[in-house]
Amino acid sequence: MSVLSENATDRRRSALGQTQFWLACLFVVGWTGVVCGGLAVQFISWDYPCPLCMVQRMFMLLAGLGGGYIVRNAMNGEIEAPDYATGWGLALIGCTAGGFASWRQTMLHILPGDPGYGAPVLGLHMYVWALLLFVAAIAVIGVVLSLSNLTGAGSLPAVPNRLVGRVCFGFIGAVIAVNLVSVFALEGLHWFLPDDPDRYRLFYDLHLLP
Amino acid sequence: MDTLIFAGLLATVAMMYQQRSRRAVLGGWWIVFVLTCLLLGHHITSGLGLGLTW
């Protein structure tokens, strides 16, 4: 093999070797973006999220943190195979549990004539989208892991990965913080959300609203 | 409970970013996960079959 073609092969391997890092970034940003979609429906359409919706958001963020584990380790420039495996393991557990929660909510509204909970988005209810996304995410992780000898490089470039990693963590941290404030307002001084929330109970608990 | 779980998620993100020990990060993640599962169990008030014909 000539030197030129060897260099081209090395470059391809190097680019392919970063696949798991970029997929992990996509996991963090993607799941956080889906949760942002839920927040948009909550505040723009002024829908109150039901308890199972909140549970699905939690599992989405837990799955995103699986990707975050890989991203954070990769930001140092070196990442070992067990760190990749740990991150994807966490993501798989989050997706499986989230898939179960969204399947459960889908089944609650499966009977013909049932209007479902909340307004549909692009023809499907939020929990049905969540089920599709959880299953798709599990399949994608399986594909990438099956090619892990090619896609999981041990050494990664610091630029731009470190900056990308910071953006990912800033995004997921900010969205979790917004959810924390929002759910505190929704739940108020109670242990659990009601089955069908109809107001931000904190303001009533504190007698700020009549 | 929901508020506490989101607080736990935020704490786990912070620990992950600060590169605390693997035990602390994974411990935080698993605690949040188990609490979320318990919350899910609390909200599943009927049988999984739901009276449907499977």
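In helix α1 of chain B, the buried residues are B:D2, B:T3, B:I5, B:F6, B:G8, B:L9, B:T12, B:V13, B:M16 and B:Y17. These buried residues pack against α3 (51-74) and α7 (158-187) of chain A, and also against α2 of chain B. The model is a predicted one. The points below begin with this helix and then turn to its partners, the contact between the chains, and chain A.

**Helix α1 of chain B**

- α1(B) consists of 16 residues and reaches 23 Å from its first C-alpha to its last, which is close to the 22 Å expected at 1.5 Å a residue.
- B:A11 also has its place in helix α1 of chain B. With 15 other C-beta atoms within 10 Å, B:A11 is partly exposed, since a residue counts as buried at 20 or more such atoms and as exposed at 12 or fewer.
- Between B:A11 and B:L39 there are 28 residues in sequence and 19 Å in space, taken from C-alpha to C-alpha.
- After α1(B) comes B:Q19, whose phi is positive, near 55 degrees.

**Packing of α1(B) with α2(B)**

- Helix α1 (residues 2-17) and helix α2 (residues 22-43) of chain B pack at an angle of about 160 degrees, and their axes are 9 Å apart.
- The two helices, α1(B) and α2(B), are therefore roughly antiparallel to each other, as angles over 145 degrees are counted in that way.
- The crossing in which α1(B) passes α2(B) is left-handed.
- On the α1(B) side, the residues that meet α2(B) are B:D2, B:I5, B:G8, B:L9, B:A11, B:T12, B:M15 and B:M16. Their counterparts in α2(B) are B:A24, B:V25, B:G28, B:W29, B:I31, B:V32, B:L35, B:T36 and B:L39.
- Sorted by class, the contact of α1(B) with α2(B) comprises 12 nonpolar, 4 polar and 1 charged residues.

**Packing of α7(A) with α1(B)**

- The axes of α7(A) and α1(B) come within 8 Å of each other and cross at roughly 165 degrees.
- That angle makes α7(A) roughly antiparallel to α1(B).
- α7(A) passes α1(B) in a crossing that is left-handed.
- From α7(A), the residues taking part are A:F169, A:I172, A:G173, A:I176, A:A177, A:N179, A:L180, A:V183, A:F184 and A:E187. In α1(B) they meet B:D2, B:T3, B:F6, B:A7, B:L9, B:L10, B:V13 and B:Y17.
- By class, 13 nonpolar, 3 polar and 2 charged residues form the contact of α7(A) with α1(B).

**The contact between the chains**

- Chain A contributes 32 residues to the contact, and chain B contributes 25 residues.
- On the side of chain A that touches chain B, α3, α4 (81-108) and α7 each supply at least two residues.
- α3(A) gives the most to this side of chain A, with 12 residues.
- By class, the side of chain A that touches chain B has 26 nonpolar, 3 polar and 3 charged residues.

**Chain A as a whole**

- Chain A contains 8 helices and 0 strands.
- The C-alpha trace of chain A spans about 80 × 40 × 25 Å along its principal axes.
- Of the 210 residues in chain A, 35% are buried.
- Among the contacts in chain A with a separation of 6 or more, 77% are between residues 24 or more positions apart.
- α3(A) has 24 residues and reaches 35 Å from its first C-alpha to its last, close to the 34 Å expected at 1.5 Å a residue.
- α3(A) is mostly covered, with 24 of its 24 residues buried.

**Backbone details in chain A**

- A:V159 and A:P160 are joined by a cis peptide bond, with omega about 5 degrees. A:P160 lies in helix α7 of chain A.
- A:L122 is a residue other than glycine with a positive phi, near 55 degrees. A:L122 is placed in the loop between α4 and α5 (126-146) of chain A, and is exposed, with 5 other C-beta atoms within 10 Å.
- A:H207, which is not a glycine, has a positive phi of about 60 degrees. A:H207 is found in the segment after α8 (201-205) of chain A, and is exposed, with 7 other C-beta atoms within 10 Å.

Conventions:
Residues numbered from 1 in each chain as written. Chains lettered and ligands numbered in written order. Predicted model: local features only at pLDDT ≥ 70, side-chain atom pairs only at ≥ 80, totals over all residues. Axes fitted to C-alpha atoms, helices over the stretch in contact; angles between N-to-C directions. Helix = DSSP H or I, 4+ residues; strand = E, 2+ residues; numbered from the N terminus. Parallel < 35°, antiparallel > 145°, perpendicular 65-115°, else oblique. Left-handed = near helix turned anticlockwise from the far one by under 90°. Contact = placed C-beta atoms within 7 Å. Nonpolar A, V, L, I, M, F, W, Y, C, P; charged D, E, K, R; others polar. Expected span 1.5 Å × (residues − 1).
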